Amino acid sequence: MRKAIIAGNWKMNKTPAEAAELVSELIPLVKDADCDVVVCVPAADFTVVGEAIKGTNIKLGAQNVHFAKSGAYTGELSADMLKACGVEYVVIGHSERRQYFGETDKTVNLRTLAAVEAGLTPIICVGEMKDEREAGYTDIIVEYQTLMALHGLTDEAIKAAVIAYEPVWAIGTGLTATDEQANETIGVIRKAIERKYGKDVADAVRIQYGGSMNPKNVKGLMAQPEIDGGLIGGASLKAPDFSQVVLYNK
Ligand code: PGA
């Protein structure tokens, strides 16, 4: 049995003061969650959020990580730096990074390897664009992105990793994949992992759905057998909304 994992992706939102307010509202609301709860916050908020969630069931996540140990990479953060800030999870290869910041399947793989080596849990994002789905290429795209991202990891590391299937056309648009579409494509991802790494690895890895997941649609999505959680953007910025997603089974 895979334990569900619901992660908030705050993206480039919340100053430290706003972050402190949001997380203090969130802590009591999600304390009885049955799933793993993560907030992936901007680096500017690591300290306040990290302090606030000490001793709670909420874990700290980042939104990106560089693959080098250190060096001349202006604006980047290493996996060791994230670890030192109390970060446990890191989003890698989000479609916004692929679209706006030149992230490639190769760099997603390098970042994933660096994260795992430092003891961080990667949340690896994969997903097709609208025209790719319409052309019938969804399966090929998500299989390729997934296998490229995982290349070079040990079986144990893959079992512990999290994958987020996020159809790009569903992110921030209010359009959600249907429960069946999300379940089917996540099944395709799991099958690809099974073909390459075997059934015990594929059965262990947790695969989230992401893309306009909210209090209204979470129950239907989470009722699908392949869906092990969610990566939540917009709805993670309000404590009542995010807590309702986290408590989807209550
Ligand atoms: P959304 O974002 O929930 O606002 O669609 C999801 C994501 O980008 O991870």
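In the predicted model, a backbone N or O atom of Gly234 lies 2.8 Å from an oxygen atom of the ligand, within the 3.5 Å limit set for a pair of N or O atoms to count as a polar contact. Taken alone, the ligand exposes 290 Å², of which the protein buries 95% (accessible areas from the Shrake-Rupley method with a 1.4 Å probe). A polar backbone atom of Ser212 is placed 2.7 Å from an oxygen atom of the ligand. The side chain of Lys11 contributes an N or O atom at 2.8 Å from a ligand oxygen.

The ligand is surrounded by 13 residues, the closest being Lys11, His94, Glu166, Gly172 and Ser212; a residue is near the ligand if one of its heavy atoms lies within 4 Å of it. By class, this shell holds four nonpolar, seven polar and two charged residues (Ala, Val, Leu, Ile, Met, Phe, Trp, Tyr, Cys and Pro count as nonpolar, Asp, Glu, Lys and Arg as charged, and the others, Gly among them, as polar).

Two helix pairs were also examined. The axes of helix H1 (residues 16–30) and helix H2 (residues 46–53) come within 9 Å and cross at roughly 20°; angles under 35 degrees count as roughly parallel, and H1 and H2 are therefore roughly parallel to each other. The crossing of H1 past H2 is right-handed, the near helix being turned clockwise from the far one by less than a right angle. Helix H5 (residues 105–117) packs against helix H7 (residues 138–150) at about 40°, with the axes 7 Å apart. H5 and H7 are therefore oblique to each other. H5 likewise passes H7 in a right-handed crossing.

Residues are numbered from 1 along each chain as its sequence is written, and side-chain values use heavy atoms, with hydrogens and water left out. As the model is predicted, local features need pLDDT of at least 70 and side-chain atom pairs count only at pLDDT 80 or more, whereas totals for chains, interfaces and linings use all residues.

Methods. A polar contact is a pair of N or O atoms within 3.5 Å; within protein, one must be able to donate a hydrogen and the other to accept it, and residues adjacent in sequence count only if both atoms are side-chain atoms. Axes are lines fitted to C-alpha atoms, for helices over the stretch in contact, and angles run from 0 to 180 degrees between N-to-C directions. Helices (H or I, at least four residues) and strands (E, at least two) are DSSP runs, numbered from the N terminus. Angles under 35 degrees count as roughly parallel, over 145 as roughly antiparallel, 65 to 115 as roughly perpendicular and the rest as oblique.
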